[in-house]
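These are my notebook entries on a structure that I had not examined before. I set down what I looked up, entry by entry.

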Amino acid sequence: MKKKYAILPDRVKAAVIDGIVIIAAMYIISEILNLFENVPNFVRIIAAIILFILYDPFFTSKYGGTIGHSYSNISVKNDSDVSKNISFPIAILRFVLKASLGWLSLLTVTSNNKKKAIHDLAVNSVVLEDKKQN
């Protein structure tokens with residue numbers, strides 16, 4: 001089976017969906033914390049930071065992609081063996097690079113045959129189309 005690499009619009013769609021998921025999850029966490037009396041602000045801040053930092057690496061390493069990736073029919077795999085997900089530490093590094101470089105990293109997708117962003121090149125990951133058969 002020939003590998004099909006994810007195109008930029010699918011990756012952008014996944015990022016937008018993930019942004020909405022993270023905002024919704026932060027809202028839900030905030031509402032849960034509101035059920036308790038006198039929750040310090042630092043607890044809310046730590047919960048938001050943990051959610052923001054661990055969402056992408058957890059889903060990417062465990063399931064091969066985030067909720068946004070799944071809805072966009074794409075997945076993140078190890079480029080050396082596309083049958084395997086990337087490891088959690090590698091997924092954290094990938095996320096840190098992606099978050100640090102922002103949209104600049106995504107704009108490099110069109111500059112190579114495997115459509116790798118800078119953060120994919122750095123950690124040897126690849127984003128593949130995962131089109132479902134109807």
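I take helices (H or I, at least four residues) and strands (E, at least two) as DSSP runs, numbered from the N terminus. I note that this is a predicted model, in which local features need pLDDT of at least 70, side-chain atom pairs count only at pLDDT 80 or more, and totals for chains, interfaces and linings use all residues. Residues are numbered from 1 along each chain as its sequence is written, and side-chain values use heavy atoms, with hydrogens and water left out.

**Entry 1: the chain as a whole.** I found 6 helices and 2 strands in the protein chain. Their order from the N terminus is α-α-α-β-α-α-α-β. The C-alpha trace spans about 55 × 35 × 25 Å along its principal axes. I then looked up burial, where buried means under 20% relative accessible area, exposed over 50%, and partly exposed in between (1.4 Å probe, protein chains only). Of the 134 residues, 33% count as buried. For contacts (heavy atoms within 4.5 Å), I took pairs at least 6 apart in sequence; 69% of these join residues at least 24 apart.

**Entry 2: the two strands.** I looked up how strand S1 (residues 74-78) is placed, and 4 of its 5 residues are buried. S1 runs antiparallel to strand S2 (residues 125-129), and 5 bridges join them; two strands pair if DSSP finds at least two bridges between them. Opposite Ile74 stands Glu129 of S2.

**Entry 3: Ile74 and the core.** Which residues make up the largest nonpolar core? I listed 7: Ala6, Ala14, Ile74, Val76, Ile86, Ala91 and Val127. Such a core is a set of buried Ala, Val, Leu, Ile, Met, Phe, Trp, Tyr and Cys residues joined through side-chain atoms within 4.5 Å.

Entry 4: I looked up Asn73, whose place is in the loop between helix H3 (67-71) and S1. Asn73 has a positive phi of about 55° although it is not a glycine. With a relative accessible area of 23%, Asn73 is partly exposed. Asn124 lies in the loop between H6 and S2, and its phi is near 60°, again positive in a residue other than glycine. Asn124 counts as partly exposed because its relative accessibility is 29%.

**Entry 5: His119.** Leaving aside neighbours within four places in sequence, I found His119 in contact with Arg11, Arg94, Leu97, Lys98, Ser105 and Ser125.

**Entry 6: the surface.** The protein chain exposes about 8,300 Å², of which carbon and sulfur atoms supply 66%; accessible areas come from the Shrake-Rupley method with a 1.4 Å probe, and for residues only the protein chains shown count as cover. I noted a nonpolar surface patch of about 1,100 Å², with Met26, Phe42, Tyr63 and Phe88 among its residues. Patches are made of residues with over 30% relative accessible area and no salt bridge, like charges being joined within 9 Å and nonpolar side chains (Val, Leu, Ile, Met, Phe, Trp, Tyr) within 5 Å. A salt bridge is a side-chain nitrogen of Lys or Arg within 4 Å of a carboxyl oxygen of Asp or Glu. Helix H2 (residues 41-63) gives the largest share of the patch, 10 residues. Met26 is found in helix H1 (residues 8-34).
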